[in-house]
Amino acid sequence: MSPKTTEKIAFNVLRAMAALIVLALAIVIGEIAIKGIPALNWEFISEAPRKGMTAGGIFPAIVGTMILVAGTIMLALPIGVMTSIYLVEYARESWLTRLIRLAVVNLAGVPSVVFGLFGLGFFVLYLEMGVSILAGSLTLALMTLPVIITTSEEALRTVPNGYREASLALGATKLQTILFIVLPNALPGILTGAILGVARAAGETAPILLTAAAFFLPHLPKTIFDQVMALPYHLYVIATQVPNADPKIPYGTAMILLMIVLGLNMIAVVLRSYFRRMRKV
Amino acid sequence: MNKAKIVSEDLNLYYGDFHALHGIDMTIRDREVTALIGPSGCGKSTFLRCLNRMNDIIPICRVDGTLMFEDTDIYAPTTDVVALRKRVGMVFQAPNPFPKSIFDNVAYAPKLHGLKDKTKLEEIVEKSLKQAALWDEVKDRLHKPALGLSGGQQQRLCIARALAIQPEVLLMDEPTSALDPISTLKIEELIRELKAQYTIVIVTHNMQQAARISDKTAFFLVGDLVEFDHTEVIFTTPKDQRTEDYITGRFG
């Protein structure tokens, strides 16, 4: 075979592999959409399940997932951003920073069900939070932290050193430089990272299974110490525990979950491009 | 002779084990332009960065000897670095305006140092931009992003930003090396004008530039201050053979 032919084959194989990814996503979304969209109507997204969850809507689960996502971001974002500021701006390379980075990498590798078990043991039982929004958000936050720390570190490092030097040379303190120069410039990257992180968390079942999720709740939670229904767990429940449920319901639930996750990703993409345009002229 | 502004006596600087500056003795005088020249890695930028303690950023950097800025011992542990940097401004090699508006770039430091009065801020911004010979070009677009300016304008904006805290000394680290010849000329003109009010220390790779704008020239070579004298003496009748070799282009 001539080098030219080999080149052509290689190019086409690589392109086919790339196309495969798009195809896989299209099939997943397509399948869910085709079976799920018929289930979608106002009643489905605005009412609680009825008749032992064989009919009705999924409103409490939608609200529950939203609350968990909000709680997760409120807990994980400040901790994650502060950690990354410490690592990038303050800490000198030492055994301590290496240890923190190692911890972050390993935290990212812990299976989500292990987080769930930890959440149950530590937040729910030991700290006596009970199965609650707080315990679930803390567990999800812990799971999201590595993503937020890594992306925030990345974002802080892309802020040119010239900005820091200029600010310090003008008599700004290190903290002022971080607050007024570094953080505003790193914010788009930090926010997109955080949103992608919680979007991932929004779809997780295992961590909330033991810490926050209720099998069935006809009403909405009143405090952060209440249990909530959540979409991923609700999906699992109706798909496996409710044999005579309308088959449209799990697909409709999956569709809503998918829309929330993809919607969050979309917000991240839009935010990023918006900030990028802002910084240009 | 103008009064002494910064006096360096037996100043040594180490990066870890590397001895980067060897016992520098130098007196920088008020309202003069002092040029620091020498080949890359000779220590001229390192010396410049001692004057406002920008070397503090580098963790392994260590300094001994004395460096006096009028009555302030720059490296004394009790010296307030923030206060020092308000009196010793700096302009860097590559123009580095913040990604903010032109106005906010100049107003950044005065605001930080507690000035809140809007009219006073506007006055300072206008005055600083005028001093930096940029006012006429930007007065109608003060609230546009600074990154939309040309490289030469950006560098003059950085000068305006440094002037906004009304420093006494202005340090310039190869301020024109990233600029085209026309912008370079403008900055050089500006330096000549600023000399009336400020003490200027400038690092430059361009010997013609040193000859054009400076009153005194210091020639550094591998961490030694080889020769320091009036600029015309350095460029016409240097005492040291190494200085002569360098300015005649025999090495470097």
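**Exercise 1. Determine which residues of α3(B) are buried, and what they pack against.**

Step 1. Helices (H or I, at least four residues) and strands (E, at least two) are DSSP runs, numbered from the N terminus.

Step 2. In α3(B), the residues I102(B), F103(B), N105(B), V106(B), A107(B), Y108(B), A109(B), P110(B) and L112(B) are buried.

Step 3. Because nine of the 11 residues of helix α3 (residues 102–112) of chain B are buried, this helix is largely enclosed by the rest of the structure.

Step 4. Packing is judged by contact, that is, heavy atoms within 4.5 Å. In chain A, the buried residues of α3(B) pack against α7 (161–169) and α8 (174–202). In chain B, they pack against α4 (118–131), α5 (135–138) and α6 (151–163).

Step 5. After α3(B) comes G114(B), which has a positive phi near 105°.

**Basis of the values.** This is a predicted model, in which local features need pLDDT of at least 70 and side-chain atom pairs count only at pLDDT 80 or more, while totals for chains, interfaces and linings use all residues. Residues are numbered from 1 along each chain as its sequence is written, chains are lettered from A and ligands numbered from 1 in the order in which they are written, and side-chain values use heavy atoms, with hydrogens and water left out.

**Exercise 2. Describe the make-up of chain A.**

Step 1. Chain A contains 11 helices and two strands. Along the sequence, the pattern reads α-α-β-β-α-α-α-α-α-α-α-α-α.

Step 2. Of the 281 residues in chain A, 43% are buried.

Step 3. Among contacts in chain A with a separation of 6 or more, 74% are between residues 24 or more positions apart.

**Exercise 3. Identify the residues of the nonpolar surface patch and the elements that supply them.**

Step 1. Patches are made of residues with over 30% relative accessible area and no salt bridge; like charges are joined within 9 Å, and nonpolar side chains (Val, Leu, Ile, Met, Phe, Trp, Tyr) within 5 Å. Accessible areas come from the Shrake-Rupley method with a 1.4 Å probe, and for residues only the protein chains shown count as cover.

Step 2. Y86(A), Y90(A), W95(A), L96(A), L99(A), L102(A), L175(A), L179(A) and F180(A) make a nonpolar patch of about 910 Å². Two or more residues each come from α3 (59–90), α4 (95–109) and α8 of chain A.

Step 3. The most is given by α4(A), with four residues. L175(A) lies in helix α8 of chain A and is partly exposed, at 48% relative accessible area.

**Exercise 4. Trace the salt bridge of K3(B) and the network around it.**

Step 1. A salt bridge is a side-chain nitrogen of Lys or Arg within 4 Å of a carboxyl oxygen of Asp or Glu. By this rule, the count over all chains is 23.

Step 2. K3(B) forms a salt bridge with E70(B), with the closest N and O atoms 2.9 Å apart. The pair links distant parts of the chain, 67 residues apart: K3(B) is in the segment before β1 of chain B, and E70(B) is in the loop between β4 (61–69) and β5 (72–73) of chain B.

Step 3. K3(B) is partly exposed at 48% relative accessibility, and E70(B) is partly exposed at 27%. Salt bridges that share partners join K3(B), K5(B), E70(B), R87(B) and E168(B) into one network.

Key: Buried < 20%, exposed > 50% of the residue type's maximum accessible area, 1.4 Å probe, protein only.
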